[in-house]
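Opening the notebook on a new chain today. I want the layout down before I go after the charged side chains.

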Amino acid sequence: MTTRARTGLVDAATGREIRVVAASGEQFAAAPAARVFWCRVLDGAVVVAVAAAVLFPVLAALGRSSVSGGTAAAVAALVWFAVVFAYGMVSGSVGALGDHAGGFRAVRLDDGSRPGVWRGGWRAVLWSFVPLYAVITVIGIFSGSMAGDWSERYSTRDLRAGIERGMPPVPDPRVAEREARVAARAAARAQRRSG
């Protein structure tokens, strides 16, 4: 499993933490969680629209025959998950509509590549449980611990960040403050011992 190492650097344009691709050492800034959330809502709306466009004619055709309500519900579930899986396959290979609208790309932290067709499809099915995703995302937004993806194996690469436009990352001022406080405490302890 890939762990997220702290770099102590932030993007010069956005101030967001710089992440590193494990295999290549390439640096990038993660897209902000709020932007990723709203773009995933857009993706959800697209999936609902496509599923409805497929499902209504199918259910209308089934309604004319002697099919039970359970069979119609099973067909509806099958159509829903097929559309979600297909949209996830597109998202995993070339990026979803939300990815392009939000200016980010889902990447694997171990090698920097896209999730891939099959993994993208399965991830979409798992993330299609929207209420759970919404709760996790809102918790991530308020805790500041999440930048668009709950998984430690994937992240969202912000294509609008300064590092993507050639701006070098800068030291994180919070890390510098923390180091200054630690140094001040160490100096105060040393002074108390000597004095």
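Predicted model: local features only at pLDDT ≥ 70, side-chain atom pairs only at ≥ 80, totals over all residues.

Entry one, the layout. I read the elements off along the sequence and got β-β-β-α-α-α-β-α-α-β-β-α. That is 6 helices and 6 strands for the protein chain.

I looked up how much of the chain is tucked away, and 33% of the 195 residues count as buried. Then I checked contacts with a separation of 6 or more: residues 24 or more positions apart account for 69% of them.

I ran the search over the whole structure and it came back with 8. I followed up on a few of them.

I began with D158, which pairs with R16 through their side chains at 2.1 Å, N to O. D158 sits in strand β5 (residues 154-158) and R16 in the loop between β1 (9-10) and β2 (18-20), so this pair ties together parts 142 residues apart in sequence. Is D158 buried or exposed? I find D158 buried, as its relative accessible area is 0%, and the cut-off for buried is under 20%.

D158 has another partner: R35, with the closest N and O atoms 3.0 Å apart. R35 belongs to helix α1 (residues 33-64) while D158 is in strand β5, so here the parts tied together are 123 residues apart in sequence. I've jotted down R16, R35 and D158 as a network of salt bridges.

Next I moved to R157. R157 bridges to E26, and I read 2.7 Å between the closest N and O atoms. This pair also links distant parts of the chain, R157 being in strand β5 and E26 in the loop between β2 and β3 (27-29), 131 residues apart. I compared the two ends for burial: R157 is buried at a relative accessible area of 7%, whereas E26 is partly exposed at 36%.

Which residues form the positive surface patch? I count in R178, R181, R185, R189, R192 and R193. R189 has a relative accessible area of 41%, so I've logged it as partly exposed. That value clears the patch cut-off, because patch residues need over 30% relative accessible area and no salt bridge.

Terms used:
Residues numbered from 1 in each chain as written. Heavy atoms only, no water. Patch = residues over 30% accessible without salt bridge, like charges linked within 9 Å, V, L, I, M, F, W, Y side chains within 5 Å. Areas by Shrake-Rupley, 256 points an atom, 1.4 Å probe, with all protein chains shown as cover. Salt bridge = Lys/Arg side-chain N within 4 Å of Asp/Glu carboxyl O. Lys, Arg positive; Asp, Glu negative; His and termini not counted. Charge placed at Lys NZ, Arg CZ, Asp CG, Glu CD. Buried < 20%, exposed > 50% of the residue type's maximum accessible area, 1.4 Å probe, protein only. Helix = DSSP H or I, 4+ residues; strand = E, 2+ residues; numbered from the N terminus. Contact = heavy atoms within 4.5 Å.
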